[in-house]
Amino acid sequence: MKTCPCGSKSFFDDCCGPIISGTPASTAEALVRSRYTAFVVGSLDHVERTHAPEIRSDFNRAEAERLVTDCEWHGLRIHNVHETGDTAEIAFVIRFRHNQKLITKGSLSKFRRDDGHWYYLSNSPAPHIAEFRGAKLGRNEPCHCNSGKKFKKCCGSGIEQSGA
């Protein structure tokens, strides 16, 4: 069994795997985690299926496939979850490597629950959270993305910040 890419420290088969396979996410946060993981594992049907029906036609499959192919995913951090009844706003940060540059991107996304299913509604950049918080890592410590590499050879090499 592999640890889930979403950063939950749970096994994929117990975490995002069932949601990607079609089990409804129990919370908006679980949906965010599963959508990130879907990019990591290339399950774009899940990403498209979890767009709210009124925006599903906005899903750019070609662009999503390019991201899956061209990016190396380095982690997701949830910063703030505000879930009230059937709506939610979640602030999070993703890290990925593209064209040899590590990019950190903060986002604020909105979600809605209809008939027990959470759906993605919208996203806006949140550059003020575009950083991973926590203990500062030394160059020779294991990387926080769980790659098994030293920080200096993984996320610590060629860091470029992006708020977009």
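Colleague: Where does N80 lie in this predicted model?

Modeller: N80 lies in strand β1. The whole model is predicted.

Colleague: Why is N80 called partly exposed?

Modeller: The relative accessible area of N80 is 47%. Buried means under 20%, and exposed means over 50%. The value for N80, 47%, falls in between, so N80 is partly exposed.

Colleague: Which residues is N80 in contact with, beyond its neighbours within four places in sequence?

Modeller: They are E89, I90 and A91. Take I90 from that list. N80 and I90 are 10 residues apart in sequence. Their C-alpha atoms are 5.6 Å apart in space.

Colleague: On to N123. Which element holds N123?

Modeller: N123 is in strand β4, residues 117–125.

Colleague: Why is N123 called partly exposed?

Modeller: N123 has a relative accessible area of 35%.

Colleague: What makes the pair N123 and S109 a polar contact?

Modeller: The side chains of N123 and S109 are joined at 2.8 Å. A polar contact needs N or O atoms within 3.5 Å, one able to donate a hydrogen and the other to accept it. The C-alpha atoms of N123 and S109 are separated by 4.2 Å. Along the chain, N123 and S109 are 14 residues apart.

Colleague: What else does N123 touch, leaving aside neighbours within four places in sequence?

Modeller: Besides S109, N123 is in contact with F92, S107 and L108.

Colleague: How much space lies in the largest pocket?

Modeller: About 730 Å³. N123 is one of the lining residues closest to the pocket's centre, along with R35, F39, L67 and K105. The lining has 25 residues in total. Elements giving two or more residues to the lining are α2, α4 (61–70), β1, β2, β3 and β4.

Colleague: How many residues of each class are in that lining?

Modeller: There are 16 nonpolar, 5 polar and 4 charged residues.

Colleague: How do you know that H46 is buried?

Modeller: H46 has 2% relative accessibility. The cut-off for buried is under 20%, so H46 counts as buried. H46 is in helix α3.

Colleague: Which side chain makes a polar contact with the side chain of H46?

Modeller: The side chain of S34 does, at 2.8 Å. S34 is also among the residues in contact with H46, as are I19, I20, L31, R35 and A38. That list leaves out neighbours within four places in sequence.

Colleague: Is T104 buried or exposed?

Modeller: T104 has 1% relative accessibility. This is under 20%, so T104 is buried. T104 is found in strand β3. Its side chain is joined to that of R95 by a polar contact of 3.5 Å.

Colleague: Which residues touch the most other members of the largest nonpolar core?

Modeller: W73, L76, I94 and F111 do. The core has 33 residues. Elements giving it two or more residues are α1 (16–20), α2 (28–41), α3 (44–49), β1 (72–84), β2 (87–98), β3 (101–114) and β4. Helix α2 gives the largest share, 7 residues.

Colleague: Why might nonpolar side chains be buried together?

Modeller: In soluble globular proteins, they tend to be.

Colleague: What does F111 touch, not counting residues up to four places away in sequence?

Modeller: Its partners include A28, L31, V32, I90, W118 and L121.

Colleague: Why is K9 called exposed?

Modeller: K9 has 72% relative accessibility. Exposed means over 50%, so K9 counts as exposed.

Colleague: And Q100: where is Q100 found?

Modeller: Q100 is in the loop between β2 and β3. Phi of Q100 is near 70 degrees, again a positive value. Q100 has a relative accessible area of 69%. That is over 50%, so Q100 is exposed.

Key. Residues numbered from 1 in each chain as written. Predicted model: local features only at pLDDT ≥ 70, side-chain atom pairs only at ≥ 80, totals over all residues. Heavy atoms only, no water. Helix = DSSP H or I, 4+ residues; strand = E, 2+ residues; numbered from the N terminus. Buried < 20%, exposed > 50% of the residue type's maximum accessible area, 1.4 Å probe, protein only. Contact = heavy atoms within 4.5 Å. Core = buried A, V, L, I, M, F, W, Y, C linked by side-chain atoms within 4.5 Å. 1 Å grid on protein atoms, 1.4 Å probe; cavity = no way out; pocket = protein on both sides within 12 Å on 5 of 7 lines; lining within 4 Å. Points joined across faces, edges and corners; volume = space filled by probe spheres on them. Nonpolar A, V, L, I, M, F, W, Y, C, P; charged D, E, K, R; others polar.
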